[in-house]
Amino acid sequence: MSLVLDHLLSIIVLAPFAGCLLLLALPPEWKTASRVVALVSGGISLALSCVAWALYDGAKGGFQFRESYQWIPGLDIRYSLGADGISLSMLLLTGVIIVTGVFASWTLEERCKEFLTLLLFLVTGVFGVFVALDLFFLFLFYEIAVLPMYLLIGIWGTGRKEYSAMKLTLYLMLGSAFILTGILALYYLDPRRTFDMLELSGGSELAVGLQRALFFAFYLGFGVLAGIFPFHTWSPDGHASAPTAVSMLHAGVLMKLGAYGVIRTCVAMFPEVAPSLMPIVAAIAAINIVYGAFSALGQTDLKYVIAYSSVSHMGVVMLGIASLAPVGMAGAVMQMFSHGIMTGLFFALVGLVYQKAHTRDILAMGGFARRMPGIAVAFTVGGLASFGLPGTSGFVAETLVFLGTFARYPVIVAVAVTGVVITAVYVLRVVQKVFLGPLGEAWSELPDARSTEWVALVSLAALLVAVGVWPMPLVNLINHGLRTLGMEL
Amino acid sequence: MVEWIPLLPALAAALTAVLFVLRRDNGRLAAMPVIVATGASLALSVAAFQSVARFGAQIGQIEWLRIGDFSASVGFLLDGLSALMLLVVASVALLVQVFSVGYMEGDDGFARFFAYLGLFASAMLGLVLADNLLMVYICWELVGICSYLLIGFWYRNRAPANAAKKAFIVTRFGDLGLLLGIILLWSSAHTFEIAALEKLVQTDNLKPVLLSAGAFFTVVPLLVFLGAVGKSAQFPLHVWLPDAMEGPTPVSALIHAATMVAAGVFLVARLFFLFHASPTALQTVAWIGGFTAFLAATIALVQVDIKKVLAYSTISQLGYMMLGLALGGIAVGMFHLSTHAFFKALLFLAAGSVIHACHHEQCLLRMGGLHRRMPLTSWTTLAGALALAGVFPFAGFWSKDEILASALRSPALFALALAVAGMTAFYMTRLWFLAFAGEPRSEHASHARESSAWMGVPLVLLALAALAGGAINLPGSSSLTALLEPDRQAHGFAWPVAVGGLAVALAGIAVGVRLYGRDPARDAVTRLPKGLYRFLSNKWYIDDFYERGVARAAVAWGAMVAWFDRNVVDNLVNLAAWICALVGRALGSFTNGQPQFYAAVLALMAVIAAALVGLAATGALGGILP
């Protein structure tokens, strides 16, 4: 038992990788077995994330479950893991999304084994990023999380999949280049000569100009993955082309890697220059919110609507981060969690609708609620969370962000708040066009969700409501993370 | 105990949903959990009212969120205002639910309907009880979404789905104002609690951030009022309410006449201390209210759909309440809110009874002669109409009089209010005669039969309230003022105003009787001057402005942004990729595998190098090369 507890985070990270190796050994025709392997390995990570949440000692705070081993002594690279409140909430999110994602792709038949292998490999990287405390490993895991996407979209995608896969990969590589430059510059220019994120956090003695440059390198590098304007166009194409589970993971979790990276680098490592640069971040975030929402309003492809809504919602995250203060930052992390669950739910639903109706054109649909009431209810719950209706997690997150940032950026926030109206417009437009109104002749035989398909819908929708009604447990967890960031609570 | 008032209906709604998923039963029994729970809430509300009367205001709360020194709680503030409002909401909700058992019988969404009603009752009671602004906003949005769900209840038809969307989006514009107002208040005061805020304002201890004190105390109430304008369907955000009539009629009675739409008025009353501090804000409320009352009354004159007449009447009366609040204070506005809740719920339920009997016929021109066929509905409608018209001794007479009396302070507004009173009396007379008098003008009307007891009993009870509801605040007793504004002196009953108001109402009725009494078949208002008639029946062209102007512009703007994203932002990306590819291809052409080419390049480079060395030796390059 103590072996497990001493290596909790390693097991969370490596369980999917183990599943990955096991899958490679299975014959391709054992499809159900492959799915079970994927489910179990993802499930182990989720369960242990819950264990970590339960065991986290709030009174002590900081990074816990530490593991640290020499990796390359000459360069002081260490395999160093640890988790604070922010990491833990992201681990929980990732665990939930991978498990529901496996359920959502349960009926995928084409190269099932290879698909799940890559999916698990990707998730290994995601878990890794959220617990890495060494910049080298952070970057390594980051790349592991990003690269399988190329194959997953290129092989199992739909529509302009090759274009989308290429675009997404190149774009994220561009971001990686910035990040890598930042990491190397930090290592060689900083007298501390270390990759240790804890040592680098809390302040830097570098010249102010250099700190600014590094801030921007990390902001741009991670920001690309978080979908900041104008570097967001990979995301609608990528999400729209990707198969269901990949969209869920990508929009649900991968975009959070970007925001998480910004918190761990820009916020934690450059506290002297961050206050003067954050107004830029906030302004771009407001553009994301409003521009993304209007773009979503202009779409006719269901998946593009959801994809652009992610661009808009990630703006809320970045706006919260720009507050550099507890309430806004808590809202940002809350929004990362909330948006992850919400968009996971949305992509699961869109996948189901597409699978049953064979179209994603919302103008061609109508009246689906009559034939698929379960899907309609789940979609509506997701939509309510999307425009921040009280009683859903979206409300808690958005309200905290707006409250926490207003005094600092009144004009920017006043613009950003209009996003809640525009979001309501495009969400209700989609709900109405797809689910309400008279049912077309062509759709009289549409089925509702079936067996395993319910898992993702019910659990994700229930989570949105549960967190919205009683956010205290999650907020407490996040609070511990804020203390680690050096904020006074 | 108090916390159970909003909790019970929510639990009942959840139970209804679970039972439905398990049993798929749409029979009458499905209505029972919600009705029983709302009945219990009503009983608890009565108890709460008594306890307020005896012990004064009470507060209870639990913490909901804490981040550092930021704290938000869920709690109740039980005082005179909320206790009165609890009684109004719970009793109307209960009666409407009982009515709905009859009205919705046989509908395949019966259980869903009651689940929504339970949810609504819960959110509305929570809104009334909320002790802090965050909770106000939470419940505010929740009643909004219930309204959306119930307007669009018959979602398989296009019109209800559209109306639901319109209602939610239009009110959300108002909500934006409320949200910003709350954010501003919190940023300055660092508390959401209403009682604490009131104290801060009254002791002059609220130090505004970002704005000067003068601007702050004007902007904040105006932002809050924007929320009220949306919810209470005041000009210019009133356009959603008439469309909301697409919902089942009991919903129109409960949500879109008696309770939710009155929430805006309640909000202004709840935060009156903010408005009190700003003459500009009060003036705005008064004028928006007065103008809305007038605008909606003129439109109501020419409507032919029975529910639309009542809807515009509701908008008009809500404007009246705003006017009363702004000029006369909390008690004046809340008095009319309370009496209106009962007689307007009555009128809508009676209209529902008519519509039900006429097989969903809503056009007044195809009714007629229903008085003999549906005597109970007819008499109760008459009671409601007289109360709305403000005829002595019906409830509306007393509450309307107080508004008129307080409007005396502003001659222009007084004239406006008086004109509204006359028009109100006229259009209600027209409605009654078109529906109930004369001979049936359609097949459905001639076969109409009185509705069942499920629907009859609520009508009778509400009619009694419409008749005697004025008793809660009879002149001289001033009981409402004492309950709502203990520090304030109730102003006496203004007999000249009362007589004047009554005379105007009677005049309106007389005109109505004269025009419709003899021949209800001919709709006399069509003989108005053509331009005026068209203007009124097109609702002052305000809806057109929104639908053809604002809504299309928003959608077009969205399409434009999407185009911009696809063709400008994205093409910049493609351009970058294209440049990379070009450079790559250009460089790639050097590795073409031809030895001759490689040799030529080598030779060229050697020449260049030699030239450079030579130039450097002569010093022509300065110090560039070592």
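Predicted model: local features only at pLDDT ≥ 70, side-chain atom pairs only at ≥ 80, totals over all residues.
Residues are numbered from 1 along each chain as its sequence is written, and chains are lettered from A and ligands numbered from 1 in the order in which they are written.

**View 1. The fold of chain A.** Chain A contains 22 helices and 2 strands, where helices (H or I, at least four residues) and strands (E, at least two) are DSSP runs numbered from the N terminus. Its radius of gyration is 21 Å, close to the 23 Å that the globule rule gives for 489 residues, so chain A is as compact as a globular protein of that length; the radius is taken over C-alpha atoms, and the rule is 2.2 Å times the number of residues to the power 0.38. Along the principal axes, the C-alpha atoms of chain A fill a box of roughly 70 × 55 × 45 Å. Of the 489 residues in chain A, 63% are buried, a residue being buried if 20 or more other C-beta atoms, placed from the backbone, lie within 10 Å of its own, exposed if 12 or fewer do, and partly exposed in between.

**View 2. Tyr188(A) in helix α8 of chain A.** Tyr188(A) lies in helix α8 (residues 161–189) of chain A, and it counts as exposed because it has 8 C-beta neighbours inside 10 Å. The C-alpha atoms of Tyr188(A) and Gly292(A) are separated by 38 Å, the two residues being 104 residues apart along the chain.

**View 3. The strand pair of chain A.** Strand β1 (residues 64–72) of chain A and β2(A) run antiparallel and are joined by 6 bridges, two strands being paired if DSSP finds at least two bridges between them. Tyr69(A) has Tyr79(A) in β2(A) as its bridge partner. The two strands, β1(A) and β2(A), form a hairpin with 4 residues between them, and Asp76(A) in the turn has a positive phi of about 55°. Strand β2 (residues 77–83) of chain A is mostly covered, with 5 of its 7 residues buried.

**View 4. The contact between chains A and B.** The contact takes 42 residues from chain A and 39 residues from chain B, residues being in contact if their C-beta atoms, placed from the backbone, lie within 7 Å. On the side of chain A that touches chain B, α20(A) gives the most, with 6 residues. Helix α20 (residues 419–435) of chain A packs against helix α6 (residues 158–189) of chain B at an angle of about 170°, with their axes 9 Å apart. Here axes are lines fitted to C-alpha atoms, for helices over the stretch in contact, and angles run from 0 to 180 degrees between N-to-C directions. The helices α20(A) and α6(B) are therefore roughly antiparallel to each other, a description that applies to angles over 145 degrees. Residues of α20(A) including Val421(A) and Leu428(A) meet residues of α6(B), among them Phe168(B) and Arg172(B).

**View 5. The hairpin of chain B.** Strand β1 (residues 58–67) of chain B runs antiparallel to strand β2 (residues 70–78) of chain B, and 9 bridges join them. Arg66(B) stands opposite Ser71(B) in β2(B). Between β1(B) and β2(B) there are 2 residues, and Gly68(B) in the turn of this hairpin has a positive phi of about 60°.

Conventions
Parallel < 35°, antiparallel > 145°, perpendicular 65-115°, else oblique. Contact = placed C-beta atoms within 7 Å.
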